[in-house]
Amino acid sequence: MTEKPVQFAVDASVLGALGLATLASKEKFLATVPSGEEIYDDILWLDYLIRNNEVELILPYTVMKGLKARNPNANNPEHKAEKLARQEKYKRFAKMYMNGQPNIKIAYVNGGFVGDFLYFVDNLATLYTEEASDGYGLSIPYNERTKPFVPYNNNLSYPALKMAESTLLGLDFLTLNTKYFLKKPVHVQNTIQKINKQYLNSDVKPLAFDQALAIMDDLEKLESYINKTEARPKIATELLDYKNFKKHAHKVNMEKRSTRELHNTRTLFIKYLDTPLNLEDLKPLAQDDDLQM
């Protein structure tokens, strides 16, 4: 066991699986989680490591916002209802799991006034996103794409935003979503890591569940990974468990409502940068180092 827990940014897919594995029947888990039979035991092992303070899972603010409950039948075509209902089940069990786990933390930026932080998230997510000459990324032929993500309804996609925020937190993004690990037409994982290295000198990437297991299963590899994570450029954040996050979020919302303005400015936000990041004007850095994959 290491002195410090290993930290990963985490997707709702992982939290939902943890909730289903520990709070529901195995049958319900297998009926909900794709490839559930293959990962069931490993999900339970991850839960053991979390409970024993060997792993901390950090929710990016974007992921936390995405856990808001929605009606899967509202204004959605019938063929999407089943998928959306499954997503709502993930959300429900994710929140139940977080409620009893102090080692599941939410990244709380700048006292909860996150306006400028999300501006920088958007800037980075744009670098991950394909842009066609007519402004519609989907119009680019599939085999000509060079970026990991395409816009959704002319907006930055949710996967791109989650990945961008994880990068600013300096944490690999642990997810069960296979979209992050496609290799054609773009090798998503490698391309994200190259963009991060080029613009921010960061090696953050999406992390597959089996990759995380390999890290945690080898003490020497685990200690090296923890040290590498700590050395990454990142913003400074306050990490709150779910119960305290809800209390603080309510307090901040009340303050915003009473003053009708955000209390952060870009100057204030920059003071919270732990290691300087080139966020104002994202341009390639003057280096050409090989990536450590």
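Helices, like strands, are taken here as DSSP runs, a helix being a run of H or I with at least four residues, numbered from the N terminus. In this predicted model, helix α5 spans residues 78-99 and contains lysine 80. Lysine 80 counts as partly exposed because its relative accessibility is 39%, and the residue belongs to a positive surface patch that is formed together with Lys83, Arg86 and Lys179.

A patch of negative charge also lies on the surface, where Glu3, Asp217, Asp218, Glu220 and Glu223 gather. Glutamate 223 is part of helix α10, which covers residues 219-231, and with a relative accessible area of 38% glutamate 223 is likewise described as partly exposed.

Strand β3, residues 104-108, pairs with strands whose details are set out below.

| Strand paired with β3 | Residues | Sense | Bridges |
|---|---|---|---|
| β2 | residues 55-59 | parallel | three bridges |
| β6 | residues 238-241 | antiparallel | four bridges |

How is β3 covered, and which way do its side chains point? The strand is mostly covered, with five of its five residues buried, and buried here means a relative accessible area under 20%. In a regular strand the side chains alternate between the two faces of the sheet. In β3, Ile104, Ile106 and Tyr108 point one way, whereas Lys105 and Ala107 point the other way, and all of them are buried. Lys105 is thus a lysine that is buried in the strand, whereas lysine 80 in the positive surface patch is partly exposed at 39% relative accessibility.

Terms used:
Residues are numbered from 1 along each chain as its sequence is written. This is a predicted model: local features need pLDDT of at least 70, side-chain atom pairs count only at pLDDT 80 or more; totals for chains, interfaces and linings use all residues. Side-chain values use heavy atoms; hydrogens and water are left out. Patches are made of residues with over 30% relative accessible area and no salt bridge: like charges are joined within 9 Å, nonpolar side chains (Val, Leu, Ile, Met, Phe, Trp, Tyr) within 5 Å. Accessible areas come from the Shrake-Rupley method with a 1.4 Å probe; for residues, only the protein chains shown count as cover. A salt bridge is a side-chain nitrogen of Lys or Arg within 4 Å of a carboxyl oxygen of Asp or Glu. Lys and Arg count as positive and Asp and Glu as negative; His and the chain ends are not counted. The place of a charge is taken as NZ of Lys, CZ of Arg, CG of Asp or CD of Glu. Helices (H or I, at least four residues) and strands (E, at least two) are DSSP runs, numbered from the N terminus. Buried means under 20% relative accessible area, exposed over 50%, partly exposed in between (1.4 Å probe, protein chains only). Two strands pair if DSSP finds at least two bridges between them.
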